[in-house]
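Take a look at the chain below.

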Amino acid sequence: MKRITTTLLALLCCGAAHAAELPADFATHASIRVSEPAPYARLALPIDAYLTARSPDLRDLRVFNANGEAVPFALIATPPQTRASEQQRALRWFPLHGETSTSGGDLQVDVRRDTSGTVVSVREHAGDKHGKPLRGYLIDSGSKDAAPAALDITLGDGVSGFHRVSVEASDDLSQWQNLQGDAVLAAFDFNGEQIRRERIELGQTGARYLRVLWREPAEAVPIAAVKLVSREAHTEAPATVWTPASAAQRDAKGDYVMKLPTPIRAEQLRITLPPGNLLAPVEIATRNDERAPWQRIASGVVYRLTGDGTDRTSPDIALGNSVIQHLRVHADPRSGGLGSTAPTLQLGLTPQQLVFLTRGSAPYTLALGNSKATPAALAIDTLVPGYGQPGAPKTADAEVSFGPQASAADSSSPAPEAPANTRKWVLWAVLVAGVALMAGMAWSLVKQTK
């Protein structure tokens with residue numbers, strides 16, 4: 001009995017192993033290159049992935065390791081990119097003299113402004129400058145809206161060593177607010193090499209005037225220039241990926257049509273017209289198959305205007321998030337059409353990112369093209385513990401490479417069925433064998449009870 005049970009379990013395990021998905025079950029394969037060792041890898045899906053999948057939701061996407069084992073993965077939206085830009089602007093500056101024992105607040109200056117409020121001169125009280133050391137500099141940022149993030153102070157020729165300074169801000173040259181109590185400037189020259197630290201970080205402030213006072217040493221050194229550094233953060237939407245440019249075909253009614261190898265979720269339509277002065281209102285329609293009626297989903301005006309030395313083209317047409325395989329462009333006949341040469345059409349979408357566990361050995365393979373596959377993606381929080389939080393596991397960058405034939409794959413061609421058929425017969429054989437073994441076990445028990 002024990003031997004029979006062991007045999008049955010072995011056969012069932014064998015059948016389960018054969019039931020696992022294999023790379024050969026998918027029509028398209030693309031190689032993945034991971035940049036560095038890490039528990040996870042992430043890549044942006046190219047347009048080829050969408051054009052070779054059997055479903056617009058990528059339910060037939062899989063990742064396999066070098067041993068042909070499927071590895072867990074997640075699909076996530078591509079986040080927007082935040083880029084910081086930095087601008088520099090030269091500022092006017094004025095020397096400040098005073099006793100080294102006095103605080104910065106005891107420094108006295110006379111200020112003259114023009115009608116716009118800009119400082120045109122700073123004059124110290126008569127006799128104050130004479131014989132008194134240089135304490136620092138008054139800087140006019142030029143505007144209360146400048147919002148400086150940093151100051152670049154170029155130290156004068158021959159200046160060396162460390163210099164500790166403080167920076168204060170004011171709108172009226174009377175009330176001052178401390179911005180930096182202990183900033184460091186430094187300059188060293190030796191043996192043809194230089195070390196410079198001439199930037200003081202201030203954070204965001206809308207003050208018009210800045211005062212830089214030397215703390216150690218107490219006497220200021222000559223400077224050559226002062227620049228205001230301001231920073232702005234720009235959020236950019238994820239880049240759109242486009243289907244290959246394809247010349248539209250004209251149907252019997254004179255409309256322009258295009259058919260994709262597989263349905264995709266498209267967000268934008270790009271219509272490129274031939275050279276010349278062309279303009280036409282258009283209606284965009286789609287349908288699920290060639291026998292279904294057309295459904296209007298968008299409209300717009302397309303144009304290409306030349307003749308004045310510039311080439312003006314119409315913007316892309318928004319499609320929402322429509323599932324498209326068959327597309328039709330109908331031009332308003334009152335405009336005279338879109339010319340004798342057919343326009344080129346492209347569909348655009350925001351690609352998703354693929355994150356997968358680097359289980360097993362490389363190389364890893366991205367597989368698509370199996371109409372019978374069911375969704376296998378995990379939630380990103382399930383796949384990566386602590387995702388997006390400090391201390392989360394490292395995720396390496398990766399790239400995927402499709403062959404030149406990938407985007408031209410015909411969705412009507414089924415995925416390879418031989419492995420699936422083989423597994424089906426193996427599973428039937430295992431079930432029949434299991435039933436037979438169970439029957440044998442039952443018969444043996446009956447005989448023993450007699």
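What follows is a short walk through this model.

The model is predicted: local features need pLDDT of at least 70, side-chain atom pairs count only at pLDDT 80 or more, and totals for chains, interfaces and linings use all residues. Residues are numbered from 1 along each chain as its sequence is written, and side-chain values use heavy atoms, with hydrogens and water left out.

Start with the whole chain. It holds 4 helices and 28 strands. Both are DSSP runs, numbered from the N terminus: helices are H or I with at least four residues, strands are E with at least two. Of the 450 residues, 38% are buried. Buried means under 20% relative accessible area, exposed means over 50%, and partly exposed is in between (1.4 Å probe, protein chains only). The chain exposes about 24600 Å², and carbon and sulfur atoms supply 53% of that area. Such areas come from the Shrake-Rupley method with a 1.4 Å probe; for residues, only the protein chains shown count as cover. Now take the contacts between residues at least 6 apart in sequence: 82% join residues at least 24 apart. A contact means heavy atoms within 4.5 Å.

Next comes a sheet. Strands of a sheet pair through backbone hydrogen bonds, either parallel or antiparallel. Here 7 strands form an open sheet with mixed pairing, in the order 3-27-1-28-2-26-4. Strand 3 (62-64) and strand 4 (73-77) are the edge strands, and each pairs on one side only. From one strand to the next, the twist averages 30 degrees. Its angles run from 0 to 180 degrees between N-to-C directions, with axes fitted as lines to C-alpha atoms, for helices over the stretch in contact. Two strands count as paired if DSSP finds at least two bridges between them. Strand 2 (residues 40-44) and strand 26 (residues 352-357) run antiparallel and share 5 bridges. Within this pair, Leu 43 has Leu 354 of strand 26 as its bridge partner.

Now turn to Phe 162, in strand 11 (residues 161-170). Is Phe 162 buried or exposed? Phe 162 is exposed, with a relative accessible area of 60%. Beyond four places in sequence, its contacts include Val 184, Phe 188 and Pro 217. Val 184 is 22 residues away along the chain, yet the two C-alpha atoms are separated by 6.8 Å.

Finish with Val 257, in strand 20 (residues 256-272). Leaving out residues up to four places away, Val 257 touches Ala 248, Gln 249, Asp 251, Trp 294, Leu 327 and Arg 328.
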